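My notes follow in the order I took them.

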Amino acid sequence: MMEHYNYNSSTVLKYLRKVLNEINKGYLDSGVRTGFIMKRYCEKYNIPDDIGSKLVLLCMLKNIGAYHQNNFIPKSNHALTAASSYTFLRYCSPLGDSAKPLLFFKARYMPDVDNDEYIYGLLITLINQVVMYIYQEYTLEEINDLIKKDTRGYFHPDQVKKVLRLLRDEEDILERLSDAQSSLYIYETSNYILKTKYTDEDLLSFIDTTNFAFEFHNPETIGHTITTEAIAEALAKLSRLPEGMVDEIRLAGLLHDIGKIRVPAEILSYPGKLDDEMTKEMRRHVEYTRDILSNCFSYKIVEIASNHHERLDGSGYPRGLRAIDLSIGDKIIAVADMTSALYCKRSYKESFSSEQIQSVIDEEAREGRLDRRICNHLLDNFDEIMDEAKARETIVLEKYRAMMKMYDELSNSSSLKEFFDENDTSTDIFDE
């Protein structure tokens with residue numbers, strides 16, 4: 001399979017890890033360590049690579065539901081966290097129903113239930129707990145005793161035997177995970193995930209997944225990234241750029257605001273004009289974007305994504321670049337970002353009308369801040385461009401609504417709750 005020259009499985013996985021690290025470094029570290037043991041388990045007990053690599057990826061993503069729900073879910077409510085993680089990955093990643101084991105993450109063991117998703121969910125739960133014990137510096141003998149003494153019924157007996165046998169037979173597992181300076185387990189785990197041959201469309205969808213993890217955390221911003229991407233792509237095509245450059249600009253539009261993941265939520269959703277300190281922090285999102293994207297994507301994509309607030313007359317930020325310093329991609333993304341920002345409703349403003357948007361863009365061009373030729377492409381084809389942008393936005397919003405509908409159904413499902421003991425205060429065994 002030929003992967004897209006702007007990204008491949010390795011670079012997308014690296015980007016995914018970096019964004020997860022921004023969400024919660026502890027979640028990522030726990031996830032990769034859990035994935036490492038899962039990888040060894042799958043190899044030892046002959047689980048096919050196509051299934052095993054997805055299980056390892058699920059280990060990395062197991063806590064993603066707790067983030068995108070904006071801390072609404074209590075940390076101790078494992079049923080809601082499981083439902084949130086599953087529904088997010090079901091609708092917002094190429095994993096689809098392959099994410100179903102996460103619906104049973106931290107569920108209790110029920111001997112009468114026998115289906116693959118549930119069994120794999122229990123396995124992720126068990127291995128995750130072993131990782132917690134390793135992190136707490138327990139020896140193999142102590143881990144063996146702690147797991148075997150479990151009286152709460154969370155672990156599958158056969159899986160317990162296999163995991164403990166794995167730890168005894170492959171002594172380097174504890175050595176690697178106990179060495180704070182070693183990254184060999186990360187390298188080994190990542191290479192195993194890459195055994196799955198994802199298509200270009202799948203990889204692009206994983207990039208969407210990382211963005212949605214942030215965007216859905218603050219639903220007011222959901223439409224901005226997708227409409228910026230759509231407008232930028234249209235303007236690149238109207239500028240008659242080569243297909244490769246169109247792809248670069250489109251991808252930069254998709255990635256341009258990921259730096260906002262480091263900006264405090266209270267600033268992102270502030271309902272009025274920001275004060276000077278808040279403005280400074282908000283503006284740093286461009287530098288944060290550059291930092292997060294570096295070493296994941298090409299220099300051109302990083303530059304275009306990071307220059308979306310630069311202006312031709314040098315009045316932009318963060319570097320105050322002028323027209324001579326800016327590429328055609330930089331100029332296109334600046335127009336696309338401003339158009340989308342005017343179109344989208346925010347906590348501090350209503351959506352601008354089509355007439356207002358066109359008036360502002362025209363003025364920016366007349367004042368020498370935005371490129372006149374690119375602005376003319378937008379103004380001359382405004383309705384067509386915005387119709388396509390709105391259509392793509394609608395798809396994302398429908399995905400978001402479907403995800404939340406399924407989450408609501410699962411969160412009220414008595415059949416799901418049966419797998420979790422909400423009254424057992426000892427479930428802090430799972431604290432991470």
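The model is predicted.

**Entry 1: positive patch.** I looked for a positive surface patch and found one formed by K148, K161, R165 and R168.

**Entry 2: salt bridges.** I searched the whole structure and got 27 salt bridges. In general, side chains of opposite charge can pair when their charged atoms come close.

Entry 3: D158 and K162 meet through their side chains in a salt bridge, 3.7 Å from N to O. They are separated by about one helical turn because they sit four residues apart in helix α8. I checked the cover on each. D158 has a relative accessible area of 38%, so it is partly exposed. K162 is at 24% relative accessibility and also counts as partly exposed.

**Entry 4: helix α2.** Here I noted a salt bridge between D29 and R33, with the closest N and O atoms 2.9 Å apart. Both residues lie in helix α2, residues 25-44, and are four residues apart, about one turn of the helix. Is R33 buried or exposed? R33 is buried, because its relative accessible area is 9%, under the 20% limit.

Entry 5: D172 pairs with R176 in a salt bridge, the closest N and O atoms being 3.6 Å apart. Both lie in helix α9, residues 172-178, four residues apart, or about one turn of the helix. D172 is partly exposed at 24% relative accessible area, and R176 is partly exposed at 23%. I followed the shared partners from there. Salt bridges join K39, R40, E43, E170, D172, R176 and E188 into one network.

**Entry 6: S190.** Last, I turned to helix α10, residues 184-193, where S190 lies. S190 has 11% relative accessibility, so it counts as buried. What does S190 touch, not counting residues up to four places away in sequence? I found L13 and R17.

Technical notes: Residues numbered from 1 in each chain as written. Predicted model: local features only at pLDDT ≥ 70, side-chain atom pairs only at ≥ 80, totals over all residues. Heavy atoms only, no water. Patch = residues over 30% accessible without salt bridge, like charges linked within 9 Å, V, L, I, M, F, W, Y side chains within 5 Å. Areas by Shrake-Rupley, 256 points an atom, 1.4 Å probe, with all protein chains shown as cover. Salt bridge = Lys/Arg side-chain N within 4 Å of Asp/Glu carboxyl O. Lys, Arg positive; Asp, Glu negative; His and termini not counted. Charge placed at Lys NZ, Arg CZ, Asp CG, Glu CD. Helix = DSSP H or I, 4+ residues; strand = E, 2+ residues; numbered from the N terminus. Buried < 20%, exposed > 50% of the residue type's maximum accessible area, 1.4 Å probe, protein only. Contact = heavy atoms within 4.5 Å.
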